[in-house]
Amino acid sequence: MKLCICCCRPFLNHFLLFAIPAPLKNAIDWASRAPNVWAGKAAAIVSVGGSSGGVLGQHHLRQIGVYCDLHFINTPQFFLNAFQPPKKFDSEGNLFDPEVKERLKKVLQALHGFTLQLQGR
């Protein structure tokens, strides 16, 4: 399956202090100026980090998305505590946990399907 970035937006980022990092917020703000490149696009959020920062960070990003007319998939949601055993990433940061890969695949499949739905296909 290929993911067309022009039709949908996967957001993969770390969340700090229960919010999105300032550089990401700045990029979203600039891209939402006329013409708003986010308008009508499908999006998904993937958070990897500690216990609760990802949950609240995702909520914050969804709030911003409402203003930008982004349409986030509701399910499946993806939160990953990267610090909880067993290890999920190798020393170079590559994901090797098959269960997590499968969950991530389901998010991308849902994003693909939602993108096609928004496009009327």
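Accessible areas come from the Shrake-Rupley method with a 1.4 Å probe, and for residues only the protein chains shown count as cover.

## Model and confidence

This is a predicted model, in which local features need pLDDT of at least 70, side-chain atom pairs count only at pLDDT 80 or more, and totals for chains, interfaces and linings use all residues. Residues are numbered from 1 along each chain as its sequence is written, and side-chain values use heavy atoms, with hydrogens and water left out.

The predictor's confidence in each residue is given as pLDDT, from 0 to 100. Its mean over the protein chain is 84, and 83% of the residues reach 70 or more. Over residues 1-5 pLDDT stays under 50, and the model has nine contacts beyond four places in sequence for this stretch. A contact means heavy atoms within 4.5 Å.

## Overall fold

Three helices and four strands are found in the protein chain. Along the sequence they follow the pattern β-α-β-α-β-β-α. Helices (H or I, at least four residues) and strands (E, at least two) are DSSP runs, numbered from the N terminus.

Of the contacts between residues at least 6 apart in sequence, 73% join residues at least 24 apart. Buried residues make up 33% of the 121 residues in the chain. Here buried means under 20% relative accessible area, exposed means over 50%, and partly exposed lies in between (1.4 Å probe, protein chains only).

## Strands β2 and β4

β2 and β4 run parallel and are joined by four bridges. Two strands pair if DSSP finds at least two bridges between them. Ser47 has Phe79 of β4 as its bridge partner.

The side chains along β4 alternate.

## Salt bridge and surface patch

One salt bridge is found in a search of the whole structure. The term stands for a side-chain nitrogen of Lys or Arg within 4 Å of a carboxyl oxygen of Asp or Glu. The side chains involved are those of Asp29 and Lys25, at 2.7 Å from N to O. Asp29 and Lys25 are separated by about one helical turn because they are four residues apart in helix α1. Asp29 is partly exposed at 31% relative accessibility, and Lys25 is partly exposed at 28%.

Phe18, Val55 and Leu56 make a nonpolar surface patch of about 260 Å². Patches are made of residues with over 30% relative accessible area and no salt bridge, joining like charges within 9 Å and nonpolar side chains (Val, Leu, Ile, Met, Phe, Trp, Tyr) within 5 Å. Phe18 sits in the loop between β1 (8-13) and α1 (22-31), and is partly exposed with a relative accessible area of 46%.

## Backbone exceptions

Most residues other than glycine have a negative phi, and most peptide bonds are trans. Asp69 is not a glycine, yet has a positive phi of about 65°. Asp69 lies in the loop between α2 (53-68) and β3, and is partly exposed with a relative accessible area of 35%.

The peptide bond from Ala34 to Pro35 is cis, with omega near -5°. Pro35 is in the loop between α1 and β2 (42-49). Thr75 and Pro76 are also joined by a cis peptide bond, with omega about -5°. Pro76 is in the loop between β3 (71-72) and β4 (78-81).
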